[in-house]
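User: I'm new to this structure and would like a close look at a single part of it. Could you pick out a pair of charged side chains and walk me outward from there?

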Amino acid sequence: MLKLQEELKKNSLSRYHLIYGEERYMVRYYKKSLMERLSAPEDEMNCTVFQGDKAEPSAIADVGQILPFMAAQRLIVVQDSGFFKKANDMVEYLEDFPDSTYVVFVEREVDKRSKLYKWVGKKGCITECQAQTEPMLKQWIAGYLKRQGKTISNRSAEHLMERVGTDMETLNNELDKLTAYVGQKDSIEDDDIDAICSGLTISRIFEMIDAVAIGEQDRALQLYDDLLANREQPMSILYLFSRHINILLQIRDLSAMGLNRNELAKKIGIPPFTVPKYSKQASLFRTSYLRDMLERRLQYEEDFKRGRLSDQLAVEMFFIQALTNKKKDD
């Protein structure tokens, strides 16, 4: 059990918290849980949120020194500050806060070597929200549906993840749709999943990789347009595409070491049942081509960040370049 889970269960919370990691659903869940325990709804008098990398330690310190008004504690939430990746004076300020002040840091990435990270680890509670394993996700899906009076088999849970991915936020949305769709029916089955869960983003990324593999430029760009029509952001699509390519690279490298399906899945961080599908796709590419795509992705992302290209144009050029290079590679 995570330290934070134990603290919430015992209702004995540390004064300083850091919540971070790639599983954003869990990050939001724990942030919400702490805010509900440490502040009253809409109590702006005793709850202050600092957002973004423009948050200044001195400004946070000014608020942290104020005693709560008609409440047991004051809560400060600091989100996406970057304090755990750069030098700052936050530790010195925190050490002077009164006992009634609680601070919750919510970050995407941290440097575990930073002074602030080590200090919070010693004085408070650090919760890293990692991508969940396949068994844990199955258990979570079953528990979620049980609370709705529904059941699902292990195989159907796998089918759901295979169709929409393992992101918990996406799964949560799809489970809500499924429970509404089946109505009074007790169990959720594969046919229900196929009927209501489009699996658009995950399936389109797989299809795009297949299109690139056989050099179908029009098909690849059409799938990209489908994702845009589904309100996916260009840079998000590029990130998912690059993550997929990275998985294919790892599949090729680790398969050469003789690892079995479960070992591959654990090393890469994907569900074991998806390994055959990734392996089949990885066999369509040369390792050098996959590495080249990742390098080009970084270049186009840099062009976007520096304002040389719009996000949509950068991603389109990346895909055209990827398809052109595949033809040369063939």
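Analyst: Let's start with Asp253 and Arg291, whose side chains meet in a salt bridge, with N and O 3.2 Å apart. (A salt bridge here is a side-chain nitrogen of Lys or Arg within 4 Å of a carboxyl oxygen of Asp or Glu.) The pair ties together distant parts of the chain: Asp253 sits in helix 12, Arg291 in helix 15, and they are 38 residues apart. Helices are DSSP runs of H or I with at least four residues, strands are runs of E with at least two, and both are numbered from the N terminus.

Before going on, a word on what you're looking at. This is a predicted model, in which local features need pLDDT of at least 70 and side-chain atom pairs count only at pLDDT 80 or more, while totals for chains, interfaces and linings use all residues. Residues are numbered from 1 along each chain as its sequence is written, and side-chain values use heavy atoms, with hydrogens and water left out.

Back to our pair. Asp253 is partly exposed, at 33% relative accessible area, and Arg291 is partly exposed too, at 40%. (Buried means under 20% relative accessible area, exposed over 50%, and partly exposed in between, using a 1.4 Å probe and protein chains only.) As a general point, side chains of opposite charge can pair when their charged atoms come close.

Stay on helix 15 for a moment. Arg296 forms a salt bridge with Asp292, the closest N and O atoms being 2.8 Å apart. Arg296 and Asp292 are 4 residues apart in this helix, so about one helical turn separates them. Arg296 is partly exposed at 28%, and Asp292 is partly exposed at 21%.

Next comes Arg297, which forms a salt bridge with Glu301, with the closest N and O atoms 3.2 Å apart. Arg297 and Glu301 also lie in helix 15, 4 residues apart, about one turn of the helix. Both Arg297 and Glu301 are buried. Elsewhere, salt bridges that share partners join Lys138, Arg155 and Glu158 into one network. The whole structure holds 19 salt bridges.

Arg297 also leads us back to helix 12, by way of Ser242. Ser242 lies in helix 12 and touches Leu294 and Arg297, leaving aside residues up to four places away in sequence. (Contact means heavy atoms within 4.5 Å.) Ser242 counts as buried because its relative accessible area is 6%. Its side chain reaches the backbone oxygen of Leu238 at 2.8 Å.

Now for the nonpolar side of things. A nonpolar core is a set of buried Ala, Val, Leu, Ile, Met, Phe, Trp, Tyr and Cys residues joined through side-chain atoms within 4.5 Å. The largest one has 42 residues, and those with the most contacts inside it are Met208, Phe241, Leu248, Phe285, Met293 and Phe319. The elements giving two or more residues to this core include helix 10 (200–213), helix 12 (234–255), helix 15 (287–305) and helix 16 (311–329). Helix 12 gives the largest share, 10 residues. Take Met208 as an example: it touches Ala220, Leu223, Tyr224, Leu227, Phe241 and Phe319, again not counting residues up to four places away in sequence. Apart from this core lies another, of 37 residues, among them Leu75, Ile141, Ile152 and Ala157. In soluble globular proteins, nonpolar side chains tend to be buried together.

Met70 lies in the loop between helix 3 (57–64) and strand 3 (74–79), and its phi is near 55°, a positive value in a residue other than glycine. Met45, in the loop between helix 2 (24–38) and strand 2 (47–51), is exposed as well, at 52%. The loop between helix 2 and strand 2 also holds Glu42, which has a positive phi of about 60° although it is not a glycine. Glu42 is exposed, with a relative accessible area of 79%.

Finally, step back to the whole chain. Its secondary structure comes to 16 helices and 7 strands, and its C-alpha atoms fill a box of roughly 70 × 55 × 40 Å along the principal axes. Of the 330 residues, 47% are buried. Among contacts with a separation of 6 or more, 72% are between residues 24 or more positions apart.

Terms used. Polar contact = N/O pair within 3.5 Å; in protein donor to acceptor, adjacent residues only side chain to side chain.
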